[in-house]
Amino acid sequence: MALLTCKNLSVGYGGTAVQQNLSFSVNAGDYLCIVGENGAGKSTLMKTLLGLTPPLSGEIETGDGLRRTEIGYLPQQTVVQRDFPASVREIVRSGCQNRCGLRPFYNKEEKKLAEDNMARMGVSHLAGRCYRELSGGQQQRVLLARALCATGKLLLLDEPVAGLDPKVTEEMYQLIQQLNREGVTIIMISHDVRAAARYASHILHIGRPCLFASREDYMASETGKFFLAREGGGGNA
């Protein structure tokens with residue numbers, strides 16, 4: 001059963017659509033990359049999937065027991081967020097807030113989950129450090145650990161490598177791929193079509209034209225060939 005299904009979905013702001021009639025599904029274990037031109041509505045679509053922005057029309061259905069509160073989210077960071085004066089441990093634990101309900105504190109299991117996810121992301125040694133003192137790559141690892149505290153099922157990542165240098169970018173891609181291999185379903189916005197063609201199982205290209213396809217079918221399509229050639233790569237894994 002699909003974790004997430006969109007049927008004839010139109011997204012936008014103030015009643016004005018930036019994308020219309022999107023239909024696609026994401027199954028458990030998929031790695032979906034959302035690509036397209038700047039301004040095509042990629043971030044708007046992700047916010048709509050999260051319930052942060054209402055759809056203009058169409059349906060979003062969750063399945064396989066997935067609840068909206070079980071979706072982990074790594075948004076694009078603002079300058080203010082990068083300068084947040086909290087410890088790494090506090091940031092990661094805050095991913096457990098939906099698990100707490102009305103409790104004003106984290107229980108033993110939630111604290112252990114945070115410690116486990118810090119270890120998983122390789123940031124345990126930074127637990128007591130102030131978040132704003134970290135490098136961009138370290139901050140993204142911390143935010144991934146936080147997102148994993150919210151879910152073990154589905155992660156939504158909005159440009160997770162934006163602003164990172166090439167070496168750290170590749171490390172981040174490898175980390176996300178490993179999470180996917182461990183069973184976490186990934187939906188990721190990317191400006192890098194070559195990376196999408198290398199790592200994703202499926203690609204949703206939004207814009208004109210709009211195309212949802214497996215990685216192989218996308219690479220064989222006219223849309224895929226055009227954008228991969230424009231970026232100067234064939235996207236081979």
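Tutor: Helix H1 is followed by Gly51, whose phi is positive, near 85 degrees. This is a predicted model, in which local features need pLDDT of at least 70 and side-chain atom pairs count only at pLDDT 80 or more, while totals for chains, interfaces and linings use all residues. Residues are numbered from 1 along each chain as its sequence is written, and side-chain values use heavy atoms, with hydrogens and water left out.

Student: Why is Ile91 called buried?
Tutor: Buried means under 20% relative accessible area, with exposed over 50% and partly exposed in between, using a 1.4 Å probe and protein chains only. Ile91 has a relative accessible area of 9%, and therefore it is buried. Ile91 belongs to helix H3, residues 88-93, and, leaving aside residues up to four places away in sequence, it touches Phe84, Ala86, Tyr131, Val142, Leu143 and Arg146, where contact means heavy atoms within 4.5 Å.

Student: What makes strands E3 and E7 a pair?
Tutor: Two strands pair if DSSP finds at least two bridges between them. Strand E3 (residues 31-35) and strand E7 (residues 185-189) run parallel and are joined by four bridges, so they pair by this definition. Within E7, Met188 is the bridge partner of Cys33.

Student: Why are E5 and E9 called edge strands?
Tutor: The open sheet has six strands in the order E5-E6-E7-E3-E8-E9, with mixed pairing. Strand E5 (71-74) and strand E9 (211-214) each pair on one side only, and they are the edge strands.

Student: How do you know which residues of the largest pocket's lining are nonpolar, polar or charged?
Tutor: Ala, Val, Leu, Ile, Met, Phe, Trp, Tyr, Cys and Pro count as nonpolar, Asp, Glu, Lys and Arg as charged, and the others, Gly among them, as polar. The lining divides into ten nonpolar, five polar and two charged residues.

How values were computed
Helix = DSSP H or I, 4+ residues; strand = E, 2+ residues; numbered from the N terminus.
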